[in-house]
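Opening the notebook on this one. I wanted to look up the domains, a pocket and a sheet.

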Amino acid sequence: MKVRVAMFDDSSSIRNSIALLLGTDPLFELVGVFENAQNCVEDVLQCQPDVVLMDIEMPGVNGIEAVKSLKKEVPAVQILMQTVFEDEERIYESIIAGASGYVIKGQINTTLIDSIKDVLAGGAPMSPGIARKVFRVLQQNASKTEDKVVDYKLTPREKEIIACLVNGQSYKMIAGDLNISYETVRSHMKHIYEKLGVGSLTETVALAINQRIV
């Protein structure tokens, strides 16, 4: 089954480059190309993508505002932000709004396809610096709450994996550190999502911190 991709970007050259790149891999089908996010919810509902590539900086409705609208109305869609440079504050705002990760536009040819695959596998493509910033804020928020701790019936291995996620590790890093395969990590993550009742890595980390799971 093909992976359906939609993109929002006001640069025609970027849109053309991404279209050409995705066209080189039979896994992907480009189902929507939009130069602005004015009607992003309607556009996404119409073309039904699995992954949305969203430019952070666009006139009118910017990428962060678009993410907030999409996650409210189409929560299952995965969103990968596109930015010209690694602006930590804007990227952080995007991820807190609900984006799953980001790619640098200048590195699209070498990172975009792997980043989309990573998102679909439950990962969150972002630099360690951004990950630490996000998790630090989540930890600060967790320290202000007095939520009752819930027993989610997690296995010791599942807790190990969650601890790795909280430390900002990717699936590949976890597989290496725990001496298990990448597919085994994905299998554990599926069970973790089911037990915690979440649908993304960011939600998993936030819940783990708030509930003091690890």
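My entries follow, starting with how the model is read.

**Ground rules.** I'm working with a predicted model, where local features need pLDDT of at least 70, side-chain atom pairs count only at pLDDT 80 or more, and totals for chains, interfaces and linings use all residues. Residues are numbered from 1 along each chain as its sequence is written, and side-chain values use heavy atoms, with hydrogens and water left out.

**Domains.** I looked up the domain assignment (bounds come from an automatic or database assignment) and found domain 1 at 3–145 and domain 2 at 156–211. Their centres, taken over C-alpha atoms, are 21 Å apart.

**Second largest pocket.** Where does the second largest pocket lie? Both domain 1 and domain 2 give residues to its lining, so I place it between them. A pocket here is an open set of points on a 1 Å grid over the protein atoms alone, where a 1.4 Å probe fits, with protein on both sides within 12 Å along at least five of seven lines; lining residues have an atom within 4 Å of a point. I noted a volume of about 240 Å³, meaning the space filled by probe spheres set on the points. The lining has 14 residues, and Lys71, Gly98, Ser200, Thr202 and Glu203 lie nearest the centre. By class I get six nonpolar, six polar and two charged residues, with Gly counted as polar. Helices H4 (88–97) and H10 (201–210) each supply at least two lining residues, and H10 gives the most, with three. Helices (H or I, at least four residues) and strands (E, at least two) are DSSP runs numbered from the N terminus.

**Sheet.** Next I traced an open sheet of five strands, with parallel pairing and the order S2-S1-S3-S4-S5. S2 (28–34) and S5 (101–104) stand at the edges with a single partner strand each, so one side of each has no neighbour in the sheet. Neighbouring strands are turned by 25° against each other on average, direction ignored. S1 (3–8) pairs with S2 in the parallel sense over six bridges; pairing takes at least two DSSP bridges.

Which strands does H1 touch? H1 (12–22) packs on S1, S2, S3 (51–55) and S4 (78–83), at about 165° to the direction of S2. Contact means heavy atoms within 4.5 Å. H5 (108–120) lies across S1, S2, S3, S4 and S5, at about 160° to S4. Angles run from 0 to 180 degrees between N-to-C directions, with axes fitted to C-alpha atoms, for helices over the stretch in contact.
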